[in-house]
Amino acid sequence: MTKKENQLLKEINTKFKTKGRIQREHRIWVTINEKKLTEICKWLKEKGFEHLSAISVTDWLEQKEYELTYHLWSYDDKILITVKTRINRNKPIIESVTSIWGESAQIHERELHELFGVKFKGNKDLLPLFLENWQGPAPFRKDFDWRDYVREEFYDKKNEREKVYYD
Amino acid sequence: MIEEMEPAPKNSEYDLYFGPAHPGSGNFGVKLKIDGEKVVSARADPGYLHRGFEKLMEYRTPLQNAVLSDRLCVLEPLNWNLIHAEAVDELMDIQVPERAKYIRVIMAELSRIQSHIIWYGVFSKGTGFDTGFKMAFGYRDYILDLFELITGGRVYPAGYICPGGVRRDLPDNAKTKILKVLEKMKPMIKLEELENPALNARAKNIGILKLKDAIRLGVTGPILRASGMKIDVRKEEPYEVYDQLDFEIPTRKEGDAYARYYIGIEEMKQSIKIVKQALEKLPKGEVIETSLKKPKLSSKIPEGEVYVRNEIARGEAGIYMVSNGNNTPYRVKVRGPDFLHMIPVLEHLLKGVQIADVPAVYWSLNICPADMDR
Amino acid sequence: MVKRSEKAKTMRKLIKAIWIFNWFNSCGFAELVPLVGSRWDMERFGMIIVGTPRHADVLFIAGYQTQKSIERAKRVYEQMAEPRVVIALGSCTMTGGMYWDSYNTIKKLDKYLPITMYIPGCPPRPEAVFEACEKIFEHVKELK
């Protein structure tokens, strides 16, 4: 059952000098340096990982880093591999993967640019997607607390019935 | 003497906004550039329903999130409930009892039947066949009555499928009622009675999506099966008890609007088959893991990360959950199928169609704007 | 002959039948569209759905609104002709509801539009919508 996963993990560990792990059947997790990201993505696409499921960003506030995760699925081998890298939180810039996966990568990167502020070099269309006339900071960062913002903008502390929101 | 009119100047394009207040478009807008009667290019305009779901889940514990998770898409609430419960189960390493797994499969398949009935109804309304619309919403009410009997709510089941199992057991008369309702669904799955020559003429050879384009644009679900590829997450990596049930996967090769509508009807037949098998095989036992019978709101989630995939009615859904030891998750990423179907695929398919065919292409993609904006 | 004010005269025109323009957000779609179907038939009371706000008497706002969609709802309201009535469905229009801590939704709808009646519920049942329409008819009959 896990023969294919073991074989694939051995190839990746020797070729890119990483230490990946197998979590369970059908799941492999690999961490890599951001400079080698385009190289490993091209190699994986030629191996048969032609479906890009999702791209996501996690904000680690204390370590001052953003962690990007790319989830890829192969229709032939039936394995899901997740590639993780880390970039600086104050100046988040990274290469785009639209040259490898086309429009499905471009729309994920456009959403992350609006919500987290990450710049993707090589993506031609990074206009705002969901918000219109938004002047504040990038909404999903950890230092923008939504409950403080909502209590200041929308609710009134002196109103008797709205004291519940201030507990 | 009749004067001759001059022909229209070349490149006389104009803008048309097929927007959110139009009764045939839902909560979503598309900006079209039109030359005469043909669409030259389209640009999607999302964001009318954006609540920021992923960060709302970071302020609430997993049991509170189970109630919030069925509002991700109002047209199929129990399927989203199921995928969120699976993600928390895997992260906290909980063993779900067998009876609960069968009940989860029954509720998810009933929700899939109800969602395909809505798809049939709005697709007929978009192409002008009004009888189909009224008939579909009449039959859907039988299934909503079943939901009210088992879970307590017609549309939102208030977190019935929660981490650890399901909240309460099926009532005693549920099995006979479910079988009676499935008998009544027979007119909805007879294709010869549902078709109309006008619907066929408006749907065949319109909005063709080829297989190579579909894989490049990230399409999943019934739309990918209508273009020729036989892929279903329930057969590739089976979850719950799908590996012990027997069902088929319908596919077609043409990829036009008629093929997608045909697959919707065939999938309803397969779902009815699955529910009947699961009702026969239902074992006895507990319905929730014993340590979670009295829920404690402040239990901590162990550190780790998971990625769970499911097949909901519209395609492939995914949840990526990260935890760092507190009692609320640190980051939740929700991947919905409509995010890809509504923006790149719609812009690709609307090039070159006539204005009168725009609703037929639009509604055959089975869209849900709430799932796209989150 | 009973003497009635100008406002009472125009509002009594509403009693015969009311035409609805549905500005529904996602939660309202799943509970208002069955009203048109064959089980909770609303055409027996004289109510139909029209496609443009210029023909409508009643505007249904069903569900939460965001900053982007409240601008469009205001323009739709301005295009309706007198006499006009606004009905708000759901608990998200009253206090913010389940998304009270979201940065993008509107918490109290009556700061943007004048509302005649609220219908609570999450989402409200179809029978509640019929009872609300009946209360509007009674209110109009009692106007002087």
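Which helix of chain B lies across β6 and β7 of chain B? Helix α3, made of residues 77-92, does, and α3 runs at about 150° to β6(B). Keep in mind as you look around that this is a predicted model.

**The sheet in chain B**

Let's stay with those strands for a moment. In chain B there's an open sheet of three strands, in the order β6-β7-β8, and the pairing is antiparallel. As a bit of background, strands of a sheet pair through backbone hydrogen bonds, either parallel or antiparallel. The edges here are β6 and β8 of chain B, each of which pairs on one side only. On average, neighbouring strands of this sheet are turned by 10° against each other, if you ignore direction.

Now zoom in on one pair. β6(B) and β7(B) run antiparallel and are joined by nine bridges.

| β6 of chain B | 304-312 |
| β7 of chain B | 315-323 |
| β8 of chain B | 331-335 |

**Where chains B and C touch**

Next, the contact between two chains. Chain B puts in 22 residues and chain C puts in 27 residues. On the chain B side, α5 (130-150) and α16 (369-373) each supply at least two residues. The biggest giver on that side is α5(B), with four residues. What kinds of residues make up the side of chain B that touches chain C? They split into 14 nonpolar, five polar and three charged.

**Two domains in chain A**

Chain A is divided into domain 1, covering 3-130, and domain 2, covering 136-167. Taken over C-alpha atoms, the centres of these two domains of chain A are separated by 35 Å. The domains do meet: five residues of domain 1 of chain A are in contact with six residues of domain 2 of chain A. The domain 1 side of that contact has three nonpolar, one polar and one charged residues.

**The nonpolar core**

Finally, the inside. The largest nonpolar core has 162 residues, and those with the most contacts inside it are Ile81(A), Phe60(C) and Ile61(C). Helix α4 of chain B, residues 98-126, gives the most to this core, with 15 residues.

Which residues does Ile81(A) contact, leaving aside its neighbours within four places in sequence? They are Ile28(A), Val30(A), Leu44(A), Phe49(A) and Leu72(A).

Terms used. Residues are numbered from 1 along each chain as its sequence is written. Chains are lettered from A and ligands numbered from 1 in the order in which they are written. This is a predicted model: local features need pLDDT of at least 70, side-chain atom pairs count only at pLDDT 80 or more; totals for chains, interfaces and linings use all residues. Two residues are in contact if their C-beta atoms, placed from the backbone, lie within 7 Å. Ala, Val, Leu, Ile, Met, Phe, Trp, Tyr, Cys and Pro count as nonpolar, Asp, Glu, Lys and Arg as charged, and the others, Gly among them, as polar. Domain bounds come from an automatic or database domain assignment. A nonpolar core is a set of buried Ala, Val, Leu, Ile, Met, Phe, Trp, Tyr and Cys residues joined through C-beta atoms within 7 Å. A residue is buried if 20 or more other C-beta atoms lie within 10 Å of its own, exposed if 12 or fewer, and partly exposed in between; C-beta atoms are placed from the backbone. Two strands pair if DSSP finds at least two bridges between them. Axes are lines fitted to C-alpha atoms, for helices over the stretch in contact, and angles run from 0 to 180 degrees between N-to-C directions.
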